[in-house]
Amino acid sequence: MHYINEKVAPKREERLGSCIEFGGTAGELKKQFVGGCLRNNSRGFCQGSICQLLPGTAILNSIPESVVIVHGSLGCGGAGHNQNASIRWRQSLAGSDNPKGTLWLTTNLNKMDVVSGGEGKLEEAVLEADRRYRPASIIVVSTCVPGIIGDDIDAVAARIQPRVNAVILPVHCEGFNTKIMATAYDAIYHAIGRNLLDVPPEEKRVIVDELEEAAEKIRKSRLVNLFNVSSMTPFDENELVRILKAIGLEVNIYPCFAHPEDMWKATEAALSISTCPTHDDYILSHLQEKYHIPYILKHMPIGINNTNQWLRDIAKFFALEDNAEKVIAAENAGLEEALAPIRKNLRGKKAMLSAGEIRTFATAVWLQELGMEIVAVRPYHYDEFGEVELDKLAAVSPDLKVNVATVHPYETVNLIERHRPDLYLGHSSDNIWAAKLGIPILPIYGGANTYVGYVGAFDIARRINRVLKNISFNRHLRNNVRQPYYQSWYGEDPFKYIQAGGMDR
Ligand code: SF4
């Protein structure tokens, strides 16, 4: 890939041809993506978007003993308040009785800085953060204003690093630079790859005992890097670690909540494992290219079959297939028994989903396996990593409606009214629209729940079953709130404003 030698990771539109504007069937999406036709799509009416800073700081604020400096105007750091609460709560869920909030600062650039430059303020902020908090790392996140006026955050970091105890990580998250918020994952992994993966001098042993070395080699031959996402709960991580340990592997988890001084250990593993292909390919490719660590990046372990496939791929690499088949047989048998009464209730119920690409598709696949009908899916973006799950969905429902969109609630409500699903699964920014339209909702990921692995498969089914038992709250809500759209909009084509780049839809 060789991007790591550049200051800035490329945006996903360029690196992967990712798109966020599409409305049509699953088959059309696949065909147009492969043909490169989605690159030039656009929306004639754009209701909103999500800046890459949001998922970016969700990950960066989770890194312990670090200070995140949002270099920009004050509002750019606003999500830090919400993320602070989530991170403290997650620490509590993980068993901490003294959760620590995030440490984030802003350089609060103003009009004068736009004219005269913000590098001075940034330098001051880094030095002050180091003096005041003594963190292990100081993460400098560049936003639109410094991106536009040309502040060189890498040059500032290089200039003052000798005066600072913490490792400085410049991260380029300028919102104007990309429409694909998933670009933030690459920006973060780019910074980690450039700054945190060198083995610290104290770890480089000169005299090595041969027996100790042999034992260490055996340990590392079964050690895997498990890449998490910021919306995973500790229960999700515990579940995946449980499954991997059951087949005989040792696990280290990155990057969320991983200590910056431990990131280099990712270079010692025998295998890297993705839990979300579109989240991790950048760092996995880097670890393979520079440190020769192979990787598994195909399935998201949501639902029984996907978790089975995920585990089989990993086990195959280590020639641990027998162990995996034993685990799979035991887990599947227990689950089938527990799910039998739930399946009866869910069969034929209609669902619509919206969230990040892979979790939307993978959850939809699991709901199909539970006997539900998927009427529409709304991934935030689409790229090559979605194809595996999209194919599974399309095999069951070739005409499944797919709306690739980051927010745009006018399209959401139109699709909901058109299909009237029995259940909507999404993040709160989407679920609110479904709830107002009288549709029962379930959060995708998050909360204090388990979403992945075998425990997660059961938990999703159990919670859907519970939600569908009594839908009167949403029915009353619909009857008692004012809907924001004219009735005439529901008769229009929901994808009316998506303009195909030179192709008829
Ligand atoms: S789009 Fe730009 S100005 Fe807005 S929050 Fe993102 S980085 Fe800040």
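**Notes on the predicted model**

1. Helix α14 passes helix α19 in a left-handed crossing. This description, like those that follow, rests on a predicted model. The two helices span residues 321-346 for α14 and residues 453-469 for α19, and their axes come within 10 Å and cross at roughly 15 degrees. Because angles under 35 degrees count as roughly parallel, α14 and α19 are therefore described as roughly parallel to each other.

2. As for the residues that make this contact, α14 contributes Glu-331, Leu-335, Ala-338, Leu-339, Ile-342, Asn-345 and Leu-346, while α19 contributes Tyr-454, Ala-457, Phe-458, Ala-461, Arg-462, Ile-464, Asn-465 and Leu-468. Sorted by class, the contact of α14 with α19 holds 11 nonpolar residues, together with two polar and two charged ones.

3. On the α9 side, the contact with α12 is made by Tyr-185, Asp-186, Tyr-189, His-190, Ile-192 and Gly-193, and on the α12 side by His-279, Tyr-282, Ile-283 and His-286. The class count for the contact of α9 with α12 is five nonpolar, four polar and one charged.

4. The domain assignment divides the chain into domain 1 (53-177), domain 2 (213-323) and domain 3 (333-499). Taken over C-alpha atoms, the centres of domain 2 and domain 3 are separated by 29 Å, and the contact takes 22 residues from domain 2 and 25 residues from domain 3.

5. Which elements give two or more residues to the side of domain 2 that touches domain 3? They are α11 (234-246), α12 (277-291) and α13 (304-317), and the largest share, five residues, comes from α11. The residues on this side of domain 2 divide into nine nonpolar, nine polar and four charged.

6. Finally, the residues around the ligand are Cys-51, Leu-53, Gly-72, Cys-76, Thr-143, Cys-144, Glu-174, Gly-175 and Phe-176. By class, this shell has five nonpolar residues, three polar ones and one charged residue.

How values were computed. Residues numbered from 1 in each chain as written. Predicted model: local features only at pLDDT ≥ 70, side-chain atom pairs only at ≥ 80, totals over all residues. Domains from an automatic or database assignment. Contact = placed C-beta atoms within 7 Å. Helix = DSSP H or I, 4+ residues; strand = E, 2+ residues; numbered from the N terminus. Nonpolar A, V, L, I, M, F, W, Y, C, P; charged D, E, K, R; others polar. Near = placed C-beta within 6 Å. Axes fitted to C-alpha atoms, helices over the stretch in contact; angles between N-to-C directions. Parallel < 35°, antiparallel > 145°, perpendicular 65-115°, else oblique. Left-handed = near helix turned anticlockwise from the far one by under 90°.
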